[in-house]
Amino acid sequence: MKRFWLIVVTGSLVALAGCHSFKKENIQPPTPLIKDFKPTVQVTRVWKERVGHGSGMSGLRMQPAVVAGVLYAASTDGEVAAYDANSGKNLWKQKSRTHGWFGWGDKKRKDAFYAGGPAVGGDLLVIGTLDGHVYGLSAKDGSQRWVTALPSEVIDSPAVSGALVVVRTQDGRVYGLDGNTGDRRWVNDQGSVPLLSLRGNGPLMVTNGVVFFGSDDGKLIALRQDNGEKLWEQKLATGEGRTDIDRMTDADGGVVLDGSTLYSAAYHGNLTAVDGPSGRPLWARPFSTYTSMALTGNSLFGVNTDSQVWAFDKSSGADMWKNDDLKYRWLSSPAVQGNYIVVGDIEGYVHWLQTGDGALAGRERLSKKAIRAEPVVAGDLVYVEDVLGHIAAYRVVAK
């Protein structure tokens, strides 16, 4: 099991941002924003709400889910809620009365520390907790259907595929659970996990009967959906370096699928294109990141560990452009909204960059708190959540 987790810069710098101690801590301060910035896109905030106190100081990336016109979100202090994705109207809200490991409150819910954000499939909402539980709730009203106890934290969103729920725990295991009852169907044990690791797991992707995910030791792994058997694995990083931190190789970003080609990257590793059916690498190039990639057209977009935004040709990995304007602002994963890339930063700003050349196009401030979670695009809106649970929906129109 993991003995120690290193919260990545976007988590540990939240406190530093509040007390302006970057120089004292020998950490690069965020690049100042351009004062005379003239936006080339009109950004409209459609609505703003809040779910609990968000992820707080947990270091987690609490991401909402948008399904069939409804936005679902949760917080580590035990709140889960649903909103109309177009208007922000609250449809329902459930608040656990418990306070975690101390066992106070409702005996049906021994812990309240939801983590990673909800996943929704049909009328089932599934979410894990920091105390190793997985809850199956009704997506219509949040009422509890089942609960399953697992031996380790569930800090990222599960995945729902038909009647199967796939969950990853911090001890290196992946579970297949029955979506109707929560009973275990299978478990895949990765064996050992690194003693030193970034705080977080890459989200699971389930498609075409296969479960794909990045591991804490820098691998892209494919499992059979029906029984959890490993199909193949591909190394994304070598783990070379002089210190333990230099040798960290977490693949904490999501896997991107385009046709039959997978794209994944690792901390202190490579951005790699992999043939999905065989696991054979198609190309690889150095690119260190702890966030997910985004794809549109022929372009892949990523944020490296210095928060420089890059664009690559998806067919070869060749550089297309790089933007340094947001360096050290500890950006979220990028998302694509039309002709723009959307990222959030440590000071609560949301930035829009042009996909064609990376030029800054728009800027709004959600709050004064860090945005760690990847923005979620659905239709013509993008949904952004900060660490205190503030969620806003934005629409962009070119000027």
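1. Terms for the pocket. On a 1 Å grid over the protein atoms alone, a pocket is an open set of points with protein on both sides within 12 Å along at least five of seven lines, whereas a cavity is a set of points where a 1.4 Å probe fits but cannot get out. Lining residues have an atom within 4 Å of a point. Grid points are joined across faces, edges and corners, and a volume is the space filled by probe spheres set on the points.

2. Basis of the model. This is a predicted model: local features need pLDDT of at least 70, side-chain atom pairs count only at pLDDT 80 or more, and totals for chains, interfaces and linings use all residues. Residues are numbered from 1 along each chain as its sequence is written, and side-chain values use heavy atoms, with hydrogens and water left out.

3. The largest pocket. Its volume is about 1000 Å³. The lining has 39 residues. Q63, P64, P203, E374 and V376 lie nearest the centre of this pocket. Several strands give two or more residues to the lining: strand 3 (65–67), strand 7 (114–121), strand 11, strand 16 (205–207), strand 24 (294–296), strand 28 (335–337) and strand 32. Strands here are DSSP runs of E, at least two residues long, numbered from the N terminus. Strand 7 gives the most, with 4 residues.

4. The residues of the largest pocket's lining divide into 26 nonpolar, 8 polar and 5 charged. Ala, Val, Leu, Ile, Met, Phe, Trp, Tyr, Cys and Pro count as nonpolar; Asp, Glu, Lys and Arg count as charged; the others, Gly among them, count as polar.

5. The largest cavity. The structure holds 3 cavities of 30 Å³ or more. The largest cavity has a volume of about 40 Å³. S55, L60, R61, M62, R372, A373, E385, D386 and V387 line the largest cavity. By class, this lining has 4 nonpolar, 1 polar and 4 charged residues.

6. The sheet with strand 32. Two strands pair if DSSP finds at least two bridges between them. Strand 32 and strand 33 (381–385) pair over 3 bridges, in the antiparallel sense. A378 has L381 in strand 33 as its bridge partner.

7. The sheet with strand 11. A second open sheet of 4 strands runs in the order 11-12-13-14, again with antiparallel pairing. Its edges are strand 11 (159–161) and strand 14 (184–189), each pairing on one side only. Strand 11 meets strand 12 (164–168) over 3 antiparallel bridges. V160 is bridged to V165 in strand 12.

8. Aromatic pairs. There are 13 aromatic pairs in the structure. Rings of Phe, Tyr and Trp (its six-membered ring) pair if their centres lie within 6.5 Å; planes under 30 degrees apart count as stacked, over 60 as edge-to-face and the rest as tilted. The Y267 and Y290 rings have centres 6.4 Å apart and planes at 55°, so the pair is tilted. Y267 lies in the loop between strand 21 (261–265) and strand 22 (270–275), and Y290 in the loop between strand 23 (281–286) and strand 24, so the pair ties together parts 23 residues apart in sequence. W310 and F312 are stacked, at 5.7 Å centre to centre and 10° between the planes. W47, Y83 and Y383 form one aromatic cluster.

9. Buried means under 20% relative accessible area, exposed over 50%, partly exposed in between (1.4 Å probe, protein chains only). Y267 and Y290 are both buried. W310 and F312 are buried too.

10. Two backbone points to check. Most residues other than glycine have a negative phi. S307 has a positive phi of about 65°. S307 lies in the loop between strand 25 (299–303) and strand 26 (309–313), and at 0% relative accessibility it counts as buried. W330 also has a positive phi, near 50°. W330 is in the loop between strand 27 (319–323) and strand 28. W330 is buried, with a relative accessible area of 5%.
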